[in-house]
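Please consult the sequence and the structure shown below while reading.

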Amino acid sequence: MATMWQFLLHPTLGLINHTLKGLGFAETAFLSEPRLVIPTLAAIGIWQLVGFNMVLFLAGLSAIPRDLYEAVDIDGASHPIDRFLKVTWPMLGPTTMFVTVTTFITAFKIFDTVAVMTRGGPGGASEVLLYAIYLEGFQYFHMSYAATLTLVFLAFTLVFSVLQTFILDRRVHY
């Protein structure tokens with residue numbers, strides 16, 4: 001007899017599918033359906049980063065001086081939404097910029113989830129750049145092509161990060 005964990009983690013009746021079935025939806029092949037594989041991998045990546053980003057935002061929140069909240073109360077903004085828009089959100093600007101840049105970098109360097117869960121499939125629908133570099137270098141032994149792709153990846157990530165930092169830096173108040 002199958003244990004509860006085997007039932008919940010079975011590939012065809014996984015926990016998500018079990019929940020969807022309980023809600024009246026049909027079972028879905030999240031990793032073998034070409035149109036769903038990238039959104040599924042994106043959801044997995046977001047879930048992996050939530051804890052780290054939450055710790056960063058909690059650190060940013062704890063660094064906001066309480067005097068600012070008292071000052072905004074004296075100025076007449078006692079509603080929580082006003083306090084959030086006038087004090088909390090602007091003071092979280094540096095943290096938000098850091099989280100945004102590092103999250104985008106992490107999104108570009110996805111490899112392990114693709115290699116373990118889909119191996120680029122179905123039909124190459126989830127073949128991301130780093131997985132293509134891995135295939136070219138270590139499966140097909142096209143080392144020069146893999147090295148070129150790596151340089152393109154690094155240049156793209158660097159340019160994107162610098163542009164994003166300059167754009168976001170204009171909106172951040174230190």
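A residue is called buried under 20% relative accessible area, exposed over 50%, and partly exposed in between. By this scale D73, with a relative accessible area of 34%, is partly exposed. The model is predicted, and it holds 2 salt bridges.

**Salt bridge between D73 and R83**

- D73 and R83 form a salt bridge in which the closest N and O atoms are 3.8 Å apart.
- This pair links distant parts of the chain, since D73 belongs to helix α4 (residues 66–74) and R83 to helix α5 (residues 80–91).
- The two residues are 10 residues apart.
- R83 counts as partly exposed because its relative accessibility is 28%.
- D73 likewise falls in the partly exposed class, at 34%.

**Salt bridge between E33 and R35**

- The other pair joins the side chains of E33 and R35, with an N to O distance of 3.8 Å.
- E33 has a relative accessibility of 30% and therefore counts as partly exposed.
- R35 reaches 63% relative accessibility, so R35 counts as exposed.

- Most residues other than glycine have a negative phi, and most peptide bonds are trans.
- The peptide bond from G121 to P122 is cis, and its omega is near -5°.
- P122 is located in the loop that runs between α7 (112–117) and α8 (129–139).
- R119 also lies in the loop between α7 and α8.
- Although R119 is not a glycine, its phi is positive, at about 50°.
- R119 is classed as exposed because its relative accessible area is 64%.

- The position of F141 is in the loop between α8 and α9 (143–169).
- With a relative accessible area of 61%, F141 is exposed.

**Points to locate in the structure**

- Which helices hold D73 and R83? D73 is in helix α4 and R83 is in helix α5.
- Which peptide bond is cis, with omega near -5°? The bond in question runs from G121 to P122.
- Is F141 buried or exposed? F141 is exposed, because a relative accessible area of 61% lies over the 50% cut-off.

Definitions and conventions. Residues numbered from 1 in each chain as written. Predicted model: local features only at pLDDT ≥ 70, side-chain atom pairs only at ≥ 80, totals over all residues. Heavy atoms only, no water. Salt bridge = Lys/Arg side-chain N within 4 Å of Asp/Glu carboxyl O. Buried < 20%, exposed > 50% of the residue type's maximum accessible area, 1.4 Å probe, protein only. Helix = DSSP H or I, 4+ residues; strand = E, 2+ residues; numbered from the N terminus.
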